[in-house]
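Subject: Structure handover

Hi there,

Here is the structure I promised to send over. Please open it alongside this email, and I will walk you through what turned up.

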Amino acid sequence: MSTTREVTVPDVGDFKNIPVIEILVKPGDVVKVDDPLMTLESDKATMEVPAPFAGTVKELMVAIGAKVSEGTLIAIVEEIDEATPVVTVEKVIAEPPLLSPATSQVLSAPAPVPTPAPPPEIHLPAHASPSLRRFARELGVDIDRVIGTGPKGRIQREDVLVHVKQHMRHDTEAGGGTGLDLLPWPQIDFAKFGDVERMPLSRLRKISGPNLARNWVMIPHVTNFDEADVTDLETFRLTVNKENADAGIKVTMLAFLIKAAVSTLNAFPEFNSSLEGEELVLKRYYHMGFAADTPNGLVVPVIRDADKKGVLEIASEMAALARGARDGKLKATDMQGGCFSISSLGGIGGTGFTPIVNAPEVAILGVAKAEMKPLWNGTEFHPRLVLPLSLSWDHRVVDGAAAGRFLHHLVGLLGDFRRILL
Ligand code: COA
């Protein structure tokens, strides 16, 4: 005897509209009670929906990406009568269900099958906890390919790491050369050494961290340094600010730097490009990113078409974008499409730093604090305002000579801004 029954999302506490991130069965699969059917992932937790009874999956009522809450119909399952022998999934989920136990029904062990018919094609869900599935997903590992060494073939954290290492070694041995084969991250109980406090990373840091790490690892960075004599430019900037005081416009050195960088990109187009396979995508537009420090971390808003804008317009747009960044009000489009980035720590201090290229851009300018310094003019030292600059670049796209020329050109423009007209 078999009955067709509906499977709904059981009690999931206060969570609502939780995305389905993984479907672990397909129509025709035979499941036992508590076998995982699908995985849901909220901001705070990953949960599996277990089969509340044994049977054959007839129809799936949701797809990956669907949002579900308690009571949402997720599957139709033809329940198998307890007296009927069941061809079961080999890897048995031994854990208690992660959702409300009240939703699970207990099924007595099936009677042995004396002469088994050829088994139907069945899906073998990996035997792993939701947190481990999440860990594997973060590493880009297909959990179904990992060999579990725990009790009843249960997959452990070490199994996932061994799987990753084997693949990396294989890539390296095969001549791929892409495996880093890094040591595992040190696991230290810091509390053994003194008082500690744990603080979760902000959402922004969780997003920017992996991007920075990828760029640092994947891009062969080199950084060049130079200094610009900005004495005359600073005098001009102060004059402009005095003239525009009533309009409430304040021009900082960064607005001039953006304009000068646009002009330099125009002279050295390979710096306004992105690397795609064996091709350079050269851009004919000039969208300039600038790093803005916010209480939650770093963001890089983009000033579009900076070549078509004057310094005053760039300054006021930059002030509005920086305000938006600090208030967390930037739109995704405010941070997209950048060609080149400038990271200025000039308002804070320091003599120089090596910024990380903001992929898929190929270079980034770092700006430190301008200081008065004695410069030799051929006959005597005289006091000049000197701005330290650093240029990090992707050595797959440009080389040291080009980077040296790029920076030299920029320094020349900042030393005499009239050159921008040439
Ligand atoms: N040398 C000396 N002084 C400088 C300077 C420089 N290179 N750049 C700016 N200043 C001065 C400004 O003139 C201003 O002085 P004032 O108040 O006397 O007029 C002061 O420093 C503050 O400038 P700021 O408000 O920071 O303006 P800005 O246009 O230079 O920078 C932002 C705007 C948004 C970029 C900046 O506020 C910011 O967030 N910087 C941090 C970027 C960052 O985190 N980079 C690192 C990424 S890893």
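D394 sits in strand β19, which spans residues 381-394; helices (H or I, at least four residues) and strands (E, at least two) are DSSP runs, numbered from the N terminus. D394 counts as buried because its relative accessibility is 1%. For burial, the cut-offs are under 20% relative accessible area for buried, over 50% for exposed, and in between for partly exposed (1.4 Å probe, protein chains only). The side chain of D394 makes a polar contact with the side chain of R396, at 2.7 Å. A polar contact is a pair of N or O atoms within 3.5 Å; within protein, one must be able to donate a hydrogen and the other to accept it, and residues adjacent in sequence count only if both atoms are side-chain atoms.

Before you go further, please note that this is a predicted model: local features need pLDDT of at least 70, side-chain atom pairs count only at pLDDT 80 or more, and totals for chains, interfaces and linings use all residues. Residues are numbered from 1 along each chain as its sequence is written, and side-chain values use heavy atoms, with hydrogens and water left out.

Staying with β19, V386 is also in this strand, and V386 counts as buried because its relative accessibility is 4%. The C-alpha atoms of V386 and E227 are separated by 6.3 Å, although the two residues are 159 apart along the chain.

Next, the salt bridges. The rule is a side-chain nitrogen of Lys or Arg within 4 Å of a carboxyl oxygen of Asp or Glu, and by this rule the count comes to 12.

- R133 and E22 meet through their side chains, 3.7 Å from N to O. This pair links distant parts of the chain, with R133 in helix α1 and E22 in strand β2, 111 residues apart. Both R133 and E22 are buried.
- D229 and R384 meet through their side chains, 2.7 Å from N to O. Here too distant parts of the chain are linked: D229 is in strand β9 (residues 221-229) and R384 is in strand β19, 155 residues apart. D229 is partly exposed because its relative accessible area is 21%, while R384 counts as buried because its relative accessibility is 17%.
- K308 and D305 have their closest N and O atoms 3.7 Å apart. K308 counts as exposed because its relative accessibility is 64%, and D305 counts as partly exposed because its value is 27%. As for networks, salt bridges that share partners join E22, E48 and R133 into one.

R133 brings us back to helix α1 (residues 130-138), where P130, L132, R133, F135 and A136 are buried. Just after α1, G140 takes a positive phi of about 75°.

An oxygen atom of the ligand is 2.8 Å from an N or O atom in the side chain of R326. A nitrogen atom of the ligand is 2.9 Å from an N or O atom in the side chain of S343, and a ligand nitrogen is 3.2 Å from a polar backbone atom of S344. Taken alone the ligand exposes 950 Å², of which the protein buries 68%; accessible areas come from the Shrake-Rupley method with a 1.4 Å probe, and for residues only the protein chains shown count as cover.

Finally, some backbone details. A cis peptide bond joins A359 and P360, with omega about 5°, and P360 is in the loop between β16 (340-344) and β17 (363-367). N17 is not a glycine but has a positive phi of about 50°; N17 lies in the loop between β1 (2-8) and β2 (18-23).

Happy browsing!
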